[in-house]
Amino acid sequence: MLNLVKKDLKLSGWLQKIVGVLYALFIAGMGINMPNQMIANLLYILAMVSLIFILVIYTNGYDDKNKSEIILNSFPIDRVNIVRAKYLTLILFIIFGTGIVYLFSKIASVLYFGNSGGTSIWNIIFVFNISLIFYSIYYPFYFKLGDGIRLFNTILWMLMVIGPSIISKSIKKMVETGHLEKVLTIDINRLNIYLLLISLIMFYISLQMSKRIYLKREF
């Protein structure tokens with residue numbers, strides 16, 4: 001299974017990693033310059049989510065394009081391990097994506113402002129939670145549809161590109177309607193704890209579902 005994980009890590013490619021990192025750091029850089037901490041946190045979160053998304057979607061897209069699953073299933077490899085490897089690779093991508101943005105924001109804040117600002121551990125936990133929840137829904141469809149999920153991936157790419165603009169307009173509208181003040185009163189840390197429990201449960205259920213789906217799938 002570890003060899004399958006290494007395969008996915010190599011498929012993410014250095015060029016794609018560099019492009020993804022630069023895009024994420026650009027968004028995080030906007031967060032560092034934001035006087036409003038809530039908006040800054042949203043940009044940090046978007047930066048982490050974007051990098052994770054780029055790594056996951058490119059790797060899976062490369063698999064689909066080159067029919068990697070058909071090749072893998074022609075070898076004496078346990079299908080369950082193929083599924084487990086994808087889920088384990090996701091965890092590694094989350095660690096990489098959140099870690100890069102966290103370190104950049106901390107270092108840049110010290111160099112630029114002379115303080116220890118930047119993103120927080122709670123933002124990392126939040127990204128970990130929403131990533132597990134999103135991909136827990138995504139992966140069963142991925143293993144069920146295979147090539148059929150390409151259209152969905154394209155739509156996600158488009159949403160990711162226009163994401164910063166959508167968030168900016170949404171925040172302005174929330175300020176105008178007064179909803180932003182209500183959001184600020186929410187205990188985000190407590191919400192994170194609840195989400196952590198939910199995300200871990202969903203991740204486990206998703207893994208079991210994907211294994212069953214993939215074992216029944218014909219190539």
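In this report a residue counts as buried under 20% relative accessible area, as exposed over 50% and as partly exposed in between, using a 1.4 Å probe and protein chains only. By that rule Asn60, at 1% relative accessibility, is buried.

The structure is a predicted model, in which local features need pLDDT of at least 70, side-chain atom pairs count only at pLDDT 80 or more, and totals for chains, interfaces and linings use all residues. Residues are numbered from 1 along each chain as its sequence is written, and side-chain values use heavy atoms, with hydrogens and water left out.

**Overall architecture**

The chain contains nine helices and zero strands; helices (H or I, at least four residues) and strands (E, at least two) are DSSP runs numbered from the N terminus. Of its 219 residues, 42% are buried. A contact means heavy atoms within 4.5 Å. Among contacts with a separation of 6 or more, 82% are between residues 24 or more positions apart.

**The nonpolar core**

A nonpolar core is a set of buried Ala, Val, Leu, Ile, Met, Phe, Trp, Tyr and Cys residues joined through side-chain atoms within 4.5 Å. The largest one here has 40 residues, and those with the most contacts inside it include Val56, Leu90, Tyr135 and Phe143. Helices H2 (14–32), H3 (37–65), H5, H6 and H9 (188–216) each supply at least two residues of this core. H3 gives the largest share, 13 residues. Beyond its neighbours within four places in sequence, Tyr135 is in contact with Ile52, Phe53, Val56, Leu90, Pro140 and Ser206.

**Helix H6**

Helix H6 covers residues 121–145, 25 residues, and reaches 35 Å from its first C-alpha to its last, close to the 36 Å expected at 1.5 Å a residue. The expected span is 1.5 Å times one less than the number of residues. H6 has a kink of about 25° at Ser136, shortly before the proline Pro140; the bend at a residue is the angle between axes fitted to the seven residues ending there and the seven starting there.

**Selected residues**

Asn60 is placed in helix H3. Not counting residues up to four places away in sequence, Asn60 touches Lys86, Tyr138, Tyr139 and Tyr142. Its side chain also makes a polar contact with the side chain of Lys86, at 2.8 Å. A polar contact is a pair of N or O atoms within 3.5 Å; within protein, one must be able to donate a hydrogen and the other to accept it, and residues adjacent in sequence count only if both atoms are side-chain atoms.

Thr89 belongs to helix H5 (residues 79–113), and Thr89 counts as buried because its relative accessibility is 2%. A polar atom of the Thr89 side chain lies 2.7 Å from the backbone oxygen of Ala85.

Ile27 is in helix H2 and is buried, with a relative accessible area of 1%. Ile213, in helix H9, is partly exposed, at 22%. Leaving aside neighbours within four places in sequence, Ile213 is in contact with Pro140, Phe143 and Lys144. The table gives two C-alpha separations.

| Residue pair | Separation along the chain | C-alpha distance |
|---|---|---|
| Ile213 and Val83 | 130 residues | 9.9 Å |
| Ile27 and Ile45 | 18 residues | 9.3 Å |
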